[in-house]
Amino acid sequence: MELHIDRLSKHYKNKIAADRISLSLGRGVHGLLGANGAGKTTLMRMICGILRPDSGTVTFGRADVSTEEYRSILGYLPQDFGYYPGFTAEDFLMYMAALKGLRKTDARCRTEELLSLVGLETHKKQKIKTYSGGMKQRLGIAQALLNRPKLLVLDEPTAGLDPKERVRFREMIDRIGQESIVLLSTHIVSDIELIADRILMMKDGRLIFNGTHEDIGENLEEFYLKQFDDINPSAPAPAGTVTGSKIKHGGI
Amino acid sequence: MKRNHFKQKTLLTKTLRSLYTVPAPERKDTFFQSSDYRAAARETLYSPRISWSVFLQTQMHYIRKWNWLLTLCIFAAAILLTLHPWQTPAPQEQLQELSTPVILSACIPFLALATIAEAGRSARFGMEELELSARFSLHAVLCARLGILGVENLLLLAVLMPLGPHFWETDLSMTAACILLPYLLTCTLTLPAVRKLRGRDCTILCTGISALVSVFFLTAYAADFLTRAVDTPALIPAALLFFGVAAVLELRKYIRQSEELTWNFTLTG
């Protein structure tokens, strides 16, 4: 199954947040890089059906983004998320499991499993308001995995995680990427350097690069920084560079 | 002999338990992550999903208890004020200024406020994005909660309505003016506020609106305005119809808005 994004656009008053983005994502980890305000969050929100695009479509197989069928295969971790006061980690996951349509017995089993996976089983009865930023983020990751998503969208998932947790998180995402489509946005290159099978780069609402590590052929961080310098039109563009609506060979 | 054997067996079990330490599972995480387990879990454990009716039941548990409590309090107040012991001459004199339907008309705006506040909880606590991306999305959550509380409120108002002509010596028109009108007016005024504002501002404004409606009905009765309104033919039915339609239209707009995240691009970094 593939995720198809076709000429997706969104603008806010006089600012274009996403400009005719087209791509197809298959199984694996896809790293979305871009500076703050590049349009990463808008794109991810449109992929999750949270924001309606001005034009364009998002489909997974036959399911359109607006359908219940699409949302039932989706796992999403937003950049910021809240929780109802008084919720413990267990309550929060049970609530999210109910929204994701899991039966109570399955939800309880899956909650235990995920709390153990993200290392929060000893804090499961603790109120979320007492959690540190990293613990909250791990809980967010756990809720995204509740329904065993075929499409996992993570917006800045490593924010607030300590180095040890980052390594653990990368291993987990790498494993999930073997079976599902994982789209991970960040502005920290090292987060996706090791695990992403494909790199996507956004600038001013446009997809400026869509390729693999081989297409880049150099240090990702240097390449990423180069994209934000003035582009020299005489210099040869690497494979995967998106020009207009076309991708130079190597893209999808 | 048999009893002795049982004692020995118990002792042996106890001793073994104290001596034997159960080893911690070594490859639990690996097992949970294995593709065999995942496939089996997907096929057998997780394939049946809950239905809409079960979803409604689960949502009922997540509605705050004080919502139910408030309904119960209003109902209890109506019954207590109607009961015989209160009808003795002394309290009756004290309550002459504020008859039962007027006291209720001052409480009912807060019943409407509690229902609207329950609907606006996702936005207030930042759960909107998570709920919008779930299978039963924010739209479904709102419909479920408003549906449950709406039916519950409707039942309460329906139970209170016949009490007027029977026990409070007020005609149906006056009872409707005191019970239905404050509810519909509060809904009509607070729903646009919930649609347009977020967080603390929204809470303060909605509480203020409800308090104003409550005070309005108390003063309207004291100033004889309600009695004169009831005496004007068709005024109360027309007001009920107007605010009823307005409340339904506002509710529709609110539910439609919940299909997409209300977000301002200028808020992004």
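Helix α1 of chain A, in this predicted model, has as its buried residues K40(A), T41(A), T42(A), L43(A), M44(A), R45(A), M46(A) and I47(A). The helix spans residues 40-47 and is mostly covered, with 8 of its 8 residues buried. Just after α1(A), the backbone at G49(A) adopts a positive phi of about 80°.

Chain A contains 9 helices and 12 strands. Among its contacts between residues at least 6 apart in sequence, 66% join residues at least 24 apart. The chain exposes about 10700 Å², and carbon and sulfur atoms supply 49% of that area.

Another helix of chain A, α9, covers residues 220-227 and includes E222(A). Is E222(A) buried or partly exposed? Its relative accessible area is 49%, so E222(A) is classed as partly exposed, given that the exposed class begins over 50%. The C-alpha atom of E222(A) lies 9.7 Å from that of V189(A), a residue 33 places away along the chain.

In chain B, attention may turn to a pair of helices. Helix α7 (residues 100-119) and helix α13 (residues 199-222) have axes that come within 8 Å and cross at roughly 165°. Because of that angle, α7(B) runs roughly antiparallel to α13(B), the threshold for this description being over 145 degrees. The crossing of the two helices is right-handed.

Which residues in α7(B) meet α13(B)? On the α7(B) side they are V102(B), S105(B), A106(B), P109(B), F110(B) and L113(B). Their counterparts in α13(B) are C206(B), T207(B), S210(B), A211(B), V213(B), S214(B), F217(B), L218(B) and Y221(B). By class, this contact comprises 11 nonpolar, 4 polar and no charged residues. An α-helix has 3.6 residues a turn, so residues three or four places apart point the same way.

A further helix of chain B, α12, extends over residues 172-196 and holds T188(B). With a relative accessibility of 12%, T188(B) counts as buried, because the limit for that class is under 20%. Leaving aside neighbours within four places in sequence, T188(B) is in contact with F243(B), A246(B), A247(B) and E250(B).

Terms used. Residues numbered from 1 in each chain as written. Chains lettered and ligands numbered in written order. Predicted model: local features only at pLDDT ≥ 70, side-chain atom pairs only at ≥ 80, totals over all residues. Heavy atoms only, no water. Helix = DSSP H or I, 4+ residues; strand = E, 2+ residues; numbered from the N terminus. Contact = heavy atoms within 4.5 Å. Areas by Shrake-Rupley, 256 points an atom, 1.4 Å probe, with all protein chains shown as cover. Buried < 20%, exposed > 50% of the residue type's maximum accessible area, 1.4 Å probe, protein only. Axes fitted to C-alpha atoms, helices over the stretch in contact; angles between N-to-C directions. Parallel < 35°, antiparallel > 145°, perpendicular 65-115°, else oblique. Left-handed = near helix turned anticlockwise from the far one by under 90°. Nonpolar A, V, L, I, M, F, W, Y, C, P; charged D, E, K, R; others polar.
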